[in-house]
Amino acid sequence: MLSIKEKFMKKLNRSSRILALLLAFVMVAGRQAEVVRADDVPYNTYNYDYREYIHYTPAAYIPDKILYGRDFTYEGEVLDDFKTPQDMCKSPSGDVYVADTGNNRVVVFDNTISRVKRVFSTFDNNGKEDKLGAPYGVCVSEKGNIYIADSQNKRVLVFDPDFNLIQIVSDPKSESLEAGFVFTPWKVAVDYADRIYVIAQNMFEGIMVFETDGQFTGFFGTISVDISLWEKFWRRIATKEERANQKLFIPTEFTGIDVDPEGFIYATNVTSDGVQGVRRLNPSGQDVIKKGENENLGGDLQIDGTGDYYGPSQFTDVVYRSKGIYSCLDRKRGRIFTYDHEGNLLYIFGGLGTQVGTFQMPVAIEEIGSTVSILDATMGAIVSFRVTEYGDCINTAVGLRYDGDEALAVDIWRRVLQLDENNELANTGIGKAYLASGDYEKAMKYLKLGMNRDYYSIAYKRYRNDILKNNASYALTGLVVLIIAIAVFKRIRKRRKGVIDDD
């Protein structure tokens, strides 16, 4: 017989176990609900495999917040809403500059876009008050100087960190410029040597380059137009009227620009075929970007047919992030395409619409802290996205591989495969790690899953060489035994034949 106290304690223990199970169930359910909410985004998240088929993925980035001008105060008053803003940049110190084009001003935020530090619209120009006129682009140099593409006034303004005017770049003169050319700067960037790079309206020859003294020195990164022999032939024999109706072979116009820490220029452009919408230009203006397995840096790959994924993307801006990772903004469908230093497409997010996390007219992209932020001209807002576990794992693993730490990235790539079992990049990352460690058989397995032909061939050759090396002694021994056996067999056969002949 159990005492009353023992019965009570037995019931209490049973109740405690039930309560613990209920709490565990609630915690698991809560986690599952959080995962569902994280993936419940107002746009498709997908990638392309080696065969250029679409496969849907977890969301790498999800909407975080949307910020309007009226959400801030400056000098005790509510800030006016942005009006057709066109550019956004982050300074080396982390401050965020927005070119509020329609309001003829530049708004400076802190590094978290939580406070307005300054609103700049007028300045002293040799003792006279001057004003910004539709500032279209803005950037900040490593020294902290501010460069503004003052498009309406057809000039680039250079200010020190306190917004004191240093220089005005305007009315460039050169024999390479057409007669009557009107300088209307749209986007501006500056490298470590304080050379100024300008994307100007109706300038198809390339990016305009100005030295530190403001002198125009030429064009940078000109994109050549390839005309087939067939098209050249028909243009020669066509009549004047027929040539007038044919398409013009005009070089591509650049749309966005950014500079990485090494001084390479990342520039976006719109092409008719959509194959390459971004370039990485060295100091000589040569494109040295890597194009990955599919050799496609143009966003959506399916360029024939109809549907939500068909037709070339139109990259309007680019931001270099870190560890060779850069993101391009597609104004056609409002998507962000992110690539690594080898040209592999990492993930895609964003879209057009009216829900939080979608855009109406995206014009600029910037990485601010751990978030990716998009400036929307029509909405007059900054839309911010935060990284998910899936996106963070990919960013971290790619960064480790960029630093040469393939082995350290293996566990992270395995986690990516748990979240997305069809991720070819994760399989390739694991395969490369095994390749570096000398386990060629496992490297072949993962590189095959990753559809990486180049590295699979390397692993296969090394695996084959190891097999031959490890079995060379056995093969040579067997060959010697075989040769001796053949010799003995021939001698025995010859002797037997001799005996038969004697008989």
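How do strand β24 and β25 pair, and over how many bridges? In this predicted model, strand β24 (residues 325-330) and β25 run in the antiparallel sense and are paired over 5 bridges. One of the pairs can be picked out by eye: C328 has F337 in β25 as its bridge partner. The two strands make a hairpin with 4 residues between them, and in that turn G334 has a positive phi of about 70 degrees. C328 itself is buried, with a relative accessible area of 0%.

Strand β25 also pairs with β26. Here 4 bridges join the strands, which again run antiparallel, and Y339 has L345 in β26 as its bridge partner. This second hairpin has 5 residues between its strands, with G343 taking a positive phi near 85 degrees. As for how β25 sits in the structure, 5 of the 5 residues of this strand (residues 335-339) are buried, so β25 is largely enclosed by the rest of the structure.

Is F349 buried or exposed? With a relative accessibility of 0%, F349 counts as buried, because buried means under 20%. Leaving aside neighbours within four places in sequence, F349 is in contact with Y43, Y61, G334, R335, I336, V372 and F385. G334, the turn residue of the hairpin of β24 and β25, lies 15 residues away from F349 along the chain, and the C-alpha atoms of the two are separated by 8.7 Å.

Attention now turns to a helix. Helix α6 (residues 424-437) has 14 residues and reaches 20 Å from its first C-alpha to its last, close to the 20 Å expected at 1.5 Å a residue. At the start of α6, a side-chain oxygen of N423 comes to within 3.1 Å of the backbone nitrogen of L425. After the helix comes G438, whose phi is positive, near 95 degrees.

How many of the 14 residues of α6 are buried? The count is 12 of the 14, so α6 is largely enclosed by the rest of the structure. Among the buried residues are E424, L425, N427, I430, K432 and Y434. What covers the buried residues of α6 includes β26 (345-349), α4 (389-402), α5 (406-419), α7 (440-449) and α8 (453-470).

Elsewhere, 4 strands form an open sheet in the order β6-β7-β8-β9, with antiparallel pairing. Strands β6 (87-90) and β9 (116-120) stand at the edges with a single partner strand each, so one side of each is left without a neighbour in the sheet. From one strand to the next, the twist averages 15 degrees. Inside this sheet, 5 bridges join β7 (residues 96-100) to β8 (residues 105-109), and D100 has R105 in β8 as its bridge partner.

Finally, the cysteines deserve a brief look. The structure holds 0 disulfides. Like C328, which is buried at 0%, C393 counts as buried, with a relative accessibility of 10%.

Note on methods: Residues are numbered from 1 along each chain as its sequence is written. This is a predicted model: local features need pLDDT of at least 70, side-chain atom pairs count only at pLDDT 80 or more; totals for chains, interfaces and linings use all residues. Side-chain values use heavy atoms; hydrogens and water are left out. The expected span of a helix is 1.5 Å times one less than its number of residues. Buried means under 20% relative accessible area, exposed over 50%, partly exposed in between (1.4 Å probe, protein chains only). Contact means heavy atoms within 4.5 Å. A polar contact is a pair of N or O atoms within 3.5 Å; within protein, one must be able to donate a hydrogen and the other to accept it, and residues adjacent in sequence count only if both atoms are side-chain atoms. Two strands pair if DSSP finds at least two bridges between them. Axes are lines fitted to C-alpha atoms, for helices over the stretch in contact, and angles run from 0 to 180 degrees between N-to-C directions. A disulfide is a pair of cysteine sulfur atoms within 2.5 Å.
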